[in-house]
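Here is a structure to read through in questions and answers, with each term set against its definition.

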Amino acid sequence: MHWLDSRFTKNSWVSTWVFTLLGSALLPGGMEAAEPQRPNIIVILADDLGYGDPRCYNPESKVPTPNIDRLASEGIRFTDAHTPSAVCTPTRYGLLTGRYCWRSRLKRGVLDGYSPLLIEPQRMTVASLLKANGYRTACVGKWHLGLGDIEPTDFGKPLAPGPNDLGFDGFYGIPASLDMPPYAWINDQRITAALVARTAGSPHNKAGRFWRPGKLAAGFRHEDVLPQLTAKAVSVIEETAKEANRKPLFLYVPLTAPHTPWLPTDEFHDRSKAGPYGDFVAQVDATVGALADAVKRSGMADNTLLIFTSDNGAHWTPKQIEQTGHRANGPWRGQKADIWEGGHRVPLIARWPGEIPAGTTSSQTVCLTDLLATCAEIVGSKLPDNAGEDSVSILPALRNPAVDKPLREAVVMHSIDGMFAIRQGDWKLILGVGSGGFTPNPDKKPLAGAPPGQLYNLAKDPGETTNVYGEHPNEVERLTALLTKYQQSGQSRPLSNAPQPKSASTPAVSRSAHPNIVLILADDLGYGDLQCYCPESKIPTPRLDALAGEGMRFTDAHSPSAVCSPTRYGILTGRYAWRTRLKRWVLSPWDPPLIEAGRLTLPEMLRGAGYRTACIGKWHLGWQWPTKDGKPVDKKNLGANVDFSKPIGEGPIARGFDEYFGDDVPNFPPFIFFENDRTLGLPTARKLKSMHGHDGPMLPGFKQEDVMPAITKRAVAFVDRQAKESPKRPFFLYVPLTAPHTPIVPAAEFRGRSKAGLEGDYTVQVDDTVGQIVDALKRNGQADNTLLIFTSDNGSPGYLTNEHQPGAILEKHGHRPSGPLRGLKADAWEGGHRVPLIVRWPGMVKPGAKCDETTCLIDLMATLGEVVEKKLPEGAAEDSLSMLPLLTGAKHDKPLHETTILHSGDGTFIVRQGAWKLILGRGSGGFSKFQPAKDAPAGQLYKLDADLAEKNNLYNQHPEIVQRLTQELEKVKGGPK
């Protein structure tokens, strides 16, 4: 069930959308988790609201702000709070990253609606920090930090990287300011309606109804934006409160108001005595009240930290002050964009019952970049040195407004023109003359004999009327040196300067050199199919053999299940699938998603570490199929009520992948290719009787033999594209192949290449696919920084053709797909779940190495988490343990797994501990035909170091071992790890 599924109505302004909640991304190296206090955290960021707009800051304000005033009376009001920049984009960058934006590529000005993402995808944000600590994270509002990685942004494609790549589970809002095109709603990574129209814009006028000309989405109305964002944010709070065993919520609500265009709805007209601007501020106040009321109504108020602030000062000129008598920026000089106080001193109010004393005031000098460090301290985490470089926790001031020791050494501010100011104590130094922003000033260059900068003592001169630059050269020199230090050192907060922590057994992996990760998962490929595992194999596999020679070959690696869907679930979640609703076999055609919404997945974890993520191949983990009648899929009638013209939900894109291409399941309908969340065309035909698989709809002309070549081509193209477009951004490429699973349809060039029939030929094609991907990595210079993993989802059934005749390949061709192991795919015996596992990682994995320790594919998630220095949070990857010590050859005193739990096709449990293996059943548990004797034991016990072929059942001879392993199973079933 979706966390949020709100319906759009004319009255509520709520559009249909769904947040993809994928659990939490993980913490970068150096993040030390303590026992956290985890309140809900809601941050409301007004747009261009001034210090003097709320009456709790300016009793003479011409705008009634009862809700903001009430918030102040229930919490703390900061009187010396600053934005890091006097304009929008750089402040938003600083607020989310804890880093001054002038350290990024944006040195002045703001982004437009078509700019690429400004925040570096691998950079920690408030959202990714809190997500790592178990929070659901959502952004509702104005983004204005860029979308995608090319300029201009292509709004016809997924808008990635974007908010979802920076720690937000869900995003709903607009691309940039409400006066910047394109004018469209975005739901996560896509616009909700095409840009089919164009607006001529609205020129500046007295009513402030300004917006620029540009493209407009169907149905988009500027007047609807603030009401719709309000309703959406309220629905997030309400839906969160309804969740059973819900996670704490981080909700970031960057409003579009009172920035131009000033468009108060009818109910707010003449609500103020400051014209349309003041009326729009009154509507912002109502939005704050609606969110605060939703928190209280939902029973969340006592455990919610609610923060209200603004991204810069108000765009309010001296002439408007004269006309209305309203001082939007209070007593401060200047306005939005200026380096003077009116440009960056803003309201900052926080309410947190039981933690923040009500009705208090703090004069601490603070900055909005401090949000990251504050949230880190709240949840008990220590920021690593490569995150939040300009963020200092203000939690001491929140809890004790009387604290008089400065929390910050200094604060740096920036104007729209790129003019710097630094504030320390009472002193403020501006490195330039004039406003640096919107306020006209004829003296943009120093006059003859005039000072080149500005220095003010704000305690004596809060209005910045008297420049004492020439009178205090020591202060100028001192503050200039401090600013220079901040600029050159890359940080302004004190750092630990301690090395990144290392585990006792594993060398740390450099964060600056996170490898690309390629995971190739064959489908039904056996332990004995590869010649590097079984020299007697009848199948030539030169590329895989070479891969083993360049990396490490595991000889005792296991899939968590002996069949497909549950193994894929385990790989992508680090959790045994038998903990889900799927207790045996695999998903059937038209089944709903198996991976739970909100569960952390491998791609989501890596995306949280800055990776571009792609799945190319077979999914087989279910979809939320849209239907024409709103009813469940009509399986009996071959999915006749499925509406293929609509997006198909809860698939790879909703589980952490930025992009997907594949055919879902090669022998299941619909027989068609998928791209992201849609089918490529409409399956209006019906599967041919000559084709293998379940009956159902098919794209006209679809051929099953085209699937593997298409997957290969797409995977290679992804590698080429990443090298060209984003060479510095690491990527995760998951390639779940469709071969050598049925339908066994090797391309013509591979037929006859093996001595094991068509299935052997199809395995040769798998080998070739691996080779093409490796060649692409090498051709693009990426091979040396790529961790490449090859394995299989279970053992081989040993089919000859598409007919289900398990083991026939041995009888016909003398080929042993399981090598020396007993059994086949689906079986509880080793042939069902012991699989090839090869890992190549130059510089980290020794070439030609071999590992004989028992491992499981479920461990890939914890392993890759450690590779990218991510700590798995509680409630995620519960059964995954890191294999990194095995890969790097680090010394370790005890086996990685004390106990490994495996599962056969029919749901038979297998318990492996050291050399001992217990099967809680009398038969194969899968495809192999086996009839136990009437007096056979109730289960099977084998000692694999002496009996790898599982011929000698010791169940009756060692009841103490049976009892111990059975108890181990019950312990694991009762809890994780």
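Q: Among contacts in the chain between residues at least 6 apart in sequence, what percentage joins residues at least 24 apart?
A: The figure is 72% of the contacts between residues at least 6 apart in sequence, where contact means heavy atoms within 4.5 Å. The model is a predicted one, in which local features need pLDDT of at least 70, side-chain atom pairs count only at pLDDT 80 or more, and totals for chains, interfaces and linings use all residues. Residues are numbered from 1 along each chain as its sequence is written, and side-chain values use heavy atoms, with hydrogens and water left out.

Q: How many helices and strands does the secondary structure of the chain come to?
A: There are 20 helices and 36 strands, counted as DSSP runs (H or I of at least four residues for helices, E of at least two for strands) and numbered from the N terminus.

Q: What makes the chain as compact as a globular protein of that length?
A: The radius of gyration is taken over C-alpha atoms, and the globule rule is 2.2 Å times the number of residues to the power 0.38. For 977 residues the rule gives 30 Å, and the chain has 31 Å, which is close to that value, so the chain is as compact as a globular protein of that length. Along the principal axes, the C-alpha atoms fill a box of roughly 100 × 60 × 50 Å.

Q: What percentage of the 977 residues is buried?
A: Buried residues make up 65% of the chain, where buried means under 20% relative accessible area, exposed over 50%, and partly exposed in between, with a 1.4 Å probe and protein chains only.

Q: Why are the buried residues of helix H1 said to be on the same side?
A: In H1, residues 66-74, the buried residues are Asn67, Ile68, Leu71 and Ala72. The arc is that of the directions from the helix axis to the C-beta atoms, and these residues cover an arc of only 145° around the axis, which puts them on the same side of H1. Their cover includes strand E4 (76-82), helix H5 (275-297), strand E12 (304-310) and strand E13 (345-351).

Q: What puts the buried residues of helix H11 on the same side?
A: Leu544, Leu547 and Ala548 are buried in H11, residues 542-550. They cover an arc of only 100° around the axis, and therefore lie on the same side of H11. Among the elements that cover them are strand E21 (552-558), helix H15 (757-779) and strand E30 (834-840).

Q: Why is helix H18 called mostly covered?
A: Seven of the eight residues of H18, residues 860-867, are buried. These are Leu860, Met861, Ala862, Thr863, Leu864, Gly865 and Val867. What covers them includes strand E20 (516-523), helix H12 (564-573), helix H13 (602-608) and helix H19 (884-888). H18 is followed by Glu869, which has a positive phi near 60°.

Q: How do you know that Ala828 is buried?
A: Ala828 has a relative accessible area of 0%, and therefore counts as buried. The residue is found in the loop between helix H16 (808-813) and helix H17 (830-833). Not counting residues up to four places away in sequence, Ala828 touches His833, Ser904, Ile910, Lys917, Ile919 and Ser924. Ala828 and Gly925 are 97 residues apart in sequence, and their C-alpha atoms are 5.4 Å apart in space.

Q: Why does Asp48 count as buried?
A: Its relative accessibility is 4%, so Asp48 counts as buried. Asp48 lies in the loop between strand E3 (40-47) and H1, and its phi is near 70°, a positive value in a residue other than glycine.

Q: What makes Trp590 buried?
A: The relative accessible area of Trp590 is 6%, so this residue is buried. Trp590 is in the loop between H12 and H13 and has a positive phi of about 75° although it is not a glycine.

Q: Why is Asn641 called buried?
A: Asn641 has 8% relative accessibility, and therefore counts as buried. Its place is in the loop between strand E22 (612-618) and strand E23 (659-664). Leaving aside neighbours within four places in sequence, Asn641 is in contact with residues including Pro626, Thr627, Lys628 and Asp629.
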